[in-house]
There are 2 protein chains.
Amino acid sequence: MSEFHANSSDPRITAPHIQAILSQHGYRLTGPRGWIVDQALQHDRPFTAEQLVAELRDHQDGRAAGIGRATVYRTLEILASVDVLSRVIQPNGSAAYVVEAPGHRHHLVCSSCGTTISFTACPVDTLVNTLTADTSFTIHDHLLEVFGTCPDCQEPADS
Amino acid sequence: MSEFHANSSDPRITAPHIQAILSQHGYRLTGPRGWIVDQALQHDRPFTAEQLVAELRDHQDGRAAGIGRATVYRTLEILASVDVLSRVIQPNGSAAYVVEAPGHRHHLVCSSCGTTISFTACPVDTLVNTLTADTSFTIHDHLLEVFGTCPDCQEPADS
DNA sequence: TCATTAGTTGAGACATTGTGTCAATTATCA
DNA sequence: TGATAATTGACACAATGTCTCAACTAATGA
């Protein structure tokens, strides 16, 4: 399989690109959105909305420091809806976001340090076909996250 | 595949059986736990903790009506830990519980009416092996829920 | 450039879903 | 029956969002 990749090695999407995507979707280009996008791009790993709120509150640019919580939540939701961010369910059940190339992805998340590896292989496709045939459900979506411990967080192999 | 089954057609587990399981695990058999188990058994579909709290508050048995929220949350957690209940993630991300036979299960949930079909087929097993080999993660767990619309909630096929 | 207008924002109240504490209660066991 | 430790209910608190609304502002066309 070649569809594994650590987020940190992604060819990163740029702020102007994201702004263009927002514009294409009919969203206005505002200061707050720009700062939120910039801040989101600083992250290689999943970040939560509250985390971003805190970071922005301490932002060197005083204007960015005044961003409201609701705006951050709303903007992250928009960014996820236009496929710039991807929502990741954390082991504790709460939501986080990661910046990554668009498309259908799932994540392998380290429960210890949060390192995330995304993969496009979706073993659910076959299952969905079977479920559709067997249950007559119309299947819209699915949620798949895999949790584990990354090599760095594992106990040293031996002495 | 023969491991599909609607919860409503399960040979249901009984309250005494559940009490025995709790006892085997070293939990005391108390009034509140009995009422919570009874109320949980009323459900064929996933129910939330708050839903159960509300139902118990309106319980004909005045004593049951006095159960505290925390007790309900705690007891549901215990019941899930001894495999009497299974925790299901809803499309909105919140948790619900279903009564069902123990074992590793996933769920197909109707986003419209909440009907749940559980299945034991787990397409993630193979993926886990691949991920383990490719990433050196130690994989502990995974989350898989499938969402769709059940036949009853779909638009009538034609006129 | 300027006025219009609809999308956006920040503040803060509110909602949901839990968790933590603690004194009072109670099931269990000797 | 007593002793003891688990359990309970009440309530405070926390995390994570959502909603409303007046003020603001980006985008548009004149």
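Student: How do I read a salt bridge here?

Tutor: A salt bridge is a side-chain nitrogen of Lys or Arg within 4 Å of a carboxyl oxygen of Asp or Glu. Between chain A and chain B the count is 0 salt bridges.

Student: What should I know about the model itself?

Tutor: It is a predicted model, where local features need pLDDT of at least 70, side-chain atom pairs count only at pLDDT 80 or more, and totals for chains, interfaces and linings use all residues. Residues are numbered from 1 along each chain as its sequence is written, chains are lettered from A and ligands numbered from 1 in the order in which they are written, and side-chain values use heavy atoms, leaving out hydrogens and water.

Student: How many residue pairs between chain A and chain B are in polar contact?

Tutor: A polar contact is a pair of N or O atoms within 3.5 Å; within protein, one must be able to donate a hydrogen and the other to accept it, and residues adjacent in sequence count only if both atoms are side-chain atoms. Here there are 14 such residue pairs, both residues being at pLDDT 80 or more. On the side of chain A that touches chain B, the largest share, 12 residues, comes from strand 6 of chain A. Strands (E, at least two residues) are DSSP runs, as are helices (H or I, at least four), and both are numbered from the N terminus.

Student: Which residues of chain A meet chain B, by number?

Tutor: Contact means heavy atoms within 4.5 Å. By that rule, 34 residues of chain A touch 34 residues of chain B. The copies meet through the same surface, because 100% of the interface residues of chain A are also interface residues in chain B.

Student: How are the two copies arranged?

Student: How many residues surround DNA strand C?

Tutor: A residue is near a strand if one of its heavy atoms lies within 4 Å of it. For DNA strand C there are 21, and R33(A) and Y73(B) are among the closest. Helix 4 of chain B gives the most to this surface, with 5 residues.
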